[in-house]
Amino acid sequence: MRLAETSDLWWKNAVIYCLDVETFFDDDGDGCGDFAGLTQRVDYLAALGVTCIWLMPFYPSPDRDDGYDVTDFFTVDPRLGTMGDLVEFVRAARDRGMRVIADFVVNHTSDQHPWFVEARKSTDNRYRDYYVWRSDTPPDTSGEVVFPGEETSLWTQDDATGEWYLHMFAGHQPDLNVTNPGVRNEIAKAMGLWLELGLDGFRLDAVPFFLETRGQPKDEAANRDPHDYLSALRSFVNRRNGSAVLLGEVNLPYKEQLEYFGGPDGNELNMQFDFMSMQHLYLSLARRDARPLAETLKSRPALHPDNQWAMFVRNHDELTLDKLTDGERGEVFAAFGPAKNMQIYGRGLRRRLPPMLDGDPERLRMVYSLMFSLPGTPVLFYGEEIGMGEDLRLKSRAAVRTPMQWSEGKNGGFSTAKAADLAVPLARGEYGPEHVNAAAARRDPDSLFNFMATLILRYRENAELGWGSFALIDQPEPAVFAHTCSSDGGLLVLLHNLGEDPVKVSAKAGPEDGPAQAFKDAALLDVFDGGSVPLQPDGGFTVELGRYGYRWLRVQRKGDRLAP
């Protein structure tokens, strides 16, 4: 794959790193991370190999929902710094070859946002239609709430006018009315501002919810198709920055996700997270059986060439398992979160990966190798690269959002403030900073950090992983996930053993009905250690995989030039 063919679609083989400015690094010692501190840590991210930094919300907020309750889309929360600090960070990242995208919350605002403060004053206020209201008593929606146990309805009655406002999430986060042209204009202006300041796109939060037209007159909703709005938003963003990306959070079955890509035209979201494969990966890990993941990926639809899947094993929210059956979810709970305080909302886990795998380094490396090898763009959550764990003392999703652990020193090197003044408490226990920290990891050649840096390098060197066609390899071992990625004549064979027992895999690198002699004088070259496995003329090979073993193998034909 030639660079000239891929540079404008940079996100197809990017490595995205999600972080929260508030919990990354505190420069001024007030206990809260800030942009000045993040700028000091840009070289750390460059050394890891990150090519795109995804910022969680940094806008002014009461911070009742980790910044997703926004009170102003047009500036930086003063706790995190100034607009100038953000621009300096973006410049520093760009100087090191990294792009920056940011969370953008289109579905709702904080109830303290000036728009909502005005809207609730009267039914004829100019901002009233910026939100979704009803005058009649709403039906029972307790079965639809996103956060069971925290909310009992999607509607809350406002004392000022007696009417109810819609909130698909928390009651303090009223839903915006995206059928209103005024709301759409404000959103476009805000996005335009951040693009002008150097951002390269946005991660759009809760996309199906902000396209919801519940509570709107049927004729109005019909005349303002939300998918038309998503397409218009993509068009606007790309007019301002031709290579900007819209990465959407769409936790739906594949068939419905296609609609949010824009169908065959691919003109809505550029990228979407692959929640289906993530959830079935955990089922496969729980069973030590690759077949649930394989069957899911077999059903994944082909995309327009300008679209892409984003692959992940953990993120900033709960590890949702809502697309599994009750029985399947129970299997994952039993394997990785048997205690009730490890579970959340009855559908997910509030844990990080290393503790879920009992700190097993071989299994942990295999999982990340598998994630990077699956066709798509890998997304990491801060601290994954050093093996951070959760802190179950903290409520809800906060368990996985503890401060970054830089050293074994005071406050894990995150801040010089008193521990009581930290914006978020530091993790404790066997995954606390005295045991897990970036300084020690970078010095240790066998650390997870250095493994991840190598993994990222190999991913970037093998463009087929981001750009190529995916195919499963037929082989008899149920614990082995075997597949190929191919593009422009290049072919990668990727093998992962999800089981504890060593296995011997005998299979073919090419299709079963491929031409004889197609692989004559060819071999499988290991892209990690340089070893080779002989290939039969029909593509046949035999490879041994150890406990949680993995191999990335490139078909090397006679006369092919070796990568440096």
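## Cysteines

The sulfur of C32 lies 16 Å from the closest cysteine sulfur, that of C18, which is too far for a bond; the structure holds zero disulfides, a disulfide being a pair of cysteine sulfur atoms within 2.5 Å. C32 is buried, with a relative accessible area of 6%, and C485 is also buried, at 0%, where buried means under 20% relative accessible area, exposed over 50% and partly exposed in between, with a 1.4 Å probe and protein chains only.

## Basis of the model

This is a predicted model, in which local features need pLDDT of at least 70 and side-chain atom pairs count only at pLDDT 80 or more, while totals for chains, interfaces and linings use all residues. Residues are numbered from 1 along each chain as its sequence is written, and side-chain values use heavy atoms, with hydrogens and water left out.

## An open sheet

Three strands form an open sheet in the order β11-β13-β12, with antiparallel pairing; strands (E, at least two residues) and helices (H or I, at least four) are DSSP runs numbered from the N terminus, and two strands pair if DSSP finds at least two bridges between them. The edge strands, β11 (319-320) and β12 (343-344), each pair on one side only. Two bridges join β11 to β13 (residues 348-349), and the bridge partner of T320 in β13 is G348.

## Two helices in contact

M276, S277, H280, L281, L283, S284 and R287 in α11 meet R291, P292, L293, T296 and L297 in α12, contact meaning heavy atoms within 4.5 Å.
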